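Please walk through this model with the structure open beside you.

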Amino acid sequence: MSLRLGVIGTGAIGQDHIRRITRKTHGARVVALNDIARAQAQAFAERERLDARVVETAGELIAAPDVDAVLVTSWGPSHEELVLASIAAGKPVFCEKPLATTAAGARRIVDAEMQGGRRLVQVGFMRRYDAGYRALKQTVDDGTIGAALMVHCAHRNPAVPEAYVGDMAITDTFIHEIDTLRWLLDDDYVSAQVIEPRRTRNAHAGLHDPIVVLLETRKGIRIDCEVFVACRFGYDIRCQIVGETGAADLPDPPSVALRSAGRASTAIQMDWKQRFVDAYDLELQEWITSTAAGAVSGPTAWDGYFAAVTADACIAARQTRRIVPIEIGARPRFYG
Ligand code: NAP
């Protein structure tokens with residue numbers, strides 16, 4: 001039987017995920033939509049000829065008896081309330097990052113889920129589903145490069161909109177590295193530091209870009225990540241793990257090696273959606289399959305909470321220009 005989904009938030013990623021569910025993945029169908037901008041949800045449903053109704057409120061969608069599971073793709077500040085409501089209704093919920101905009105909010109979700117006694121929450125950290133990252137993890141796990149010692153990363157976007165302000169380089173962008181590197185290294189962070197190099201003239205007013213984030217893990221691994229969101233030249237994600245006996249690099253996406261007009265070159269993608277399109281597909285397929293089988297298996301609410309605590313530490317480190325400790329305590333048994 002196909003899993004009946006309700007989607008809250010029909011903006012950019014909500015629409016992408018709905019198209020995925022209707023055209024690419026199997027085992028689920030969208031039966032209900034909700035968006036604060038109701039007209040937008042309605043127009044989208046009609047344009048895509050969805051066999052789904054648009055409901056007035058998110059609460060109504062979560063409570064609907066024909067909605068088996070919920071997809072939260074609205075803007076970040078609404079996530080905590082919607083995930084808590086889904087847990088209270090006993091429904092599995094896939095929540096796009098961030099799980100909550102504060103560590104305290106993410107902790108409330110962890111506590112509510114544990115109180116309910118059953119895993120219901122998956123967070124949209126899709127890089128764990130990327131073939132390149134999975135191959136890199138395999139290389140680390142099988143000992144090919146010995147024990148990991150250092151990690152060098154870059155997260156570069158060609159440009160960001162004017163609405164991208166303040167600490168979004170950490171809460172919206174670097175948050176992906178925060179989760180992915182914890183998973184890759186099977187380790188937790190103990191401290192964060194943020195350095196602001198010379199500012200590019202291509203960043204819009206009010207944005208200090210680039211930044212460099214330094215993390216230290218429990219095992220003593222040192223991570224440096226350049227976050228450069230107005231780099232102009234492409235959406236360029238790099239990750240190199242240096243171990244005791246070798247170094248392993250995240251593979252670049254396949255690109256034709258061109259020899260033309262006196263140059264040898266390969267393209268750099270410009271669009272983040274394209275870079276991780278296969279990962280998004282697999283992420284949703286695995287969520288659908290595991291949810292239908294009654295066991296959510298992807299990134300947990302605890303992972304979302306850890307990411308939020310780390311992001312808060314990075315923000316504090318940036319403000320104080322100091323090394324800020326990351327203290328979170330042991331992972332509850334509930335999360336394995
Ligand atoms: P978006 O285009 O602004 O879409 C969000 C939609 O949700 C808008 O239509 C918004 O309506 C609506 N909305 C806001 N609050 C709501 C509420 N309480 N109930 C119902 N609908 C509500 O944003 P987006 O780019 O799709 O991003 C959505 C979320 O996905 C963000 O948290 C973002 O960080 C995350 N995301 C993750 C990835 C990833 O790589 N995993 C990529 C992109 C986005 P209004 O426009 O009227 O406010």
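Start with H5 and H10, which are roughly antiparallel to each other (roughly antiparallel means an angle over 145 degrees, roughly parallel under 35, roughly perpendicular 65 to 115, and the rest oblique). This is a predicted model, in which local features need pLDDT of at least 70 and side-chain atom pairs count only at pLDDT 80 or more, while totals for chains, interfaces and linings use all residues. Residues are numbered from 1 along each chain as its sequence is written, and side-chain values use heavy atoms, with hydrogens and water left out.

H5 covers residues 103–116 and H10 covers residues 301–320. Both labels come from DSSP runs, numbered from the N terminus (helices are H or I with at least four residues, strands are E with at least two). The two helices pack at an angle of about 160 degrees, and their axes are 8 Å apart. Axes here are lines fitted to C-alpha atoms, for helices over the stretch in contact, and angles run from 0 to 180 degrees between N-to-C directions. H5 passes H10 in a left-handed crossing (left-handed if the near helix is turned anticlockwise from the far one by less than a right angle, right-handed if clockwise).

Which residues of H5 meet H10? They are Ala 103, Ala 106, Arg 107, Ile 109, Val 110 and Glu 113. Their partners in H10 are Ala 301, Trp 302, Gly 304, Tyr 305, Ala 308, Val 309 and Asp 312. Contact means heavy atoms within 4.5 Å. The residues of this contact of H5 with H10 divide into nine nonpolar, one polar and three charged. In this count, Ala, Val, Leu, Ile, Met, Phe, Trp, Tyr, Cys and Pro are nonpolar, Asp, Glu, Lys and Arg are charged, and the others, Gly among them, are polar.

H5 also packs against H4 (residues 79–88), at about 5 degrees and with the axes 10 Å apart. That makes H4 roughly parallel to H5. From H4 come Glu 80, Val 83, Leu 84 and Ile 87; from H5 come Gly 105, Arg 108, Ile 109, Ala 112 and Glu 113.

Now move to H1 (residues 12–23) and H2. Their axes come within 12 Å and cross at roughly 30 degrees. That makes H1 roughly parallel to H2. The crossing is right-handed. Gln 15, Ile 18 and Arg 19 of H1 make the contact with Gln 40, Phe 44 and Arg 47 of H2.

Step back to the domains. The assignment gives domain 1 (3–127 + 278–299) and domain 2 (132–270); such bounds come from an automatic or database domain assignment. Their C-alpha centres lie 28 Å apart. Six residues from domain 1 and 11 residues from domain 2 form the contact. About 870 Å² is buried between domain 1 and domain 2, and carbon and sulfur atoms give 53% of it. Buried area is the accessible area (1.4 Å probe) that two parts lose on being put together, summed over both. Lys 97, Phe 125 and Arg 127 supply 78% of the area that domain 1 buries against domain 2, more than any other three residues.

A cis peptide bond joins Lys 97 to Pro 98, with omega about -5 degrees. Pro 98 sits in the loop between strand S5 (93–95) and H5. The bond from Asp 209 to Pro 210 is cis too, with omega near 0 degrees. Pro 210 lies in the loop between strand S8 (189–195) and strand S9 (211–217).
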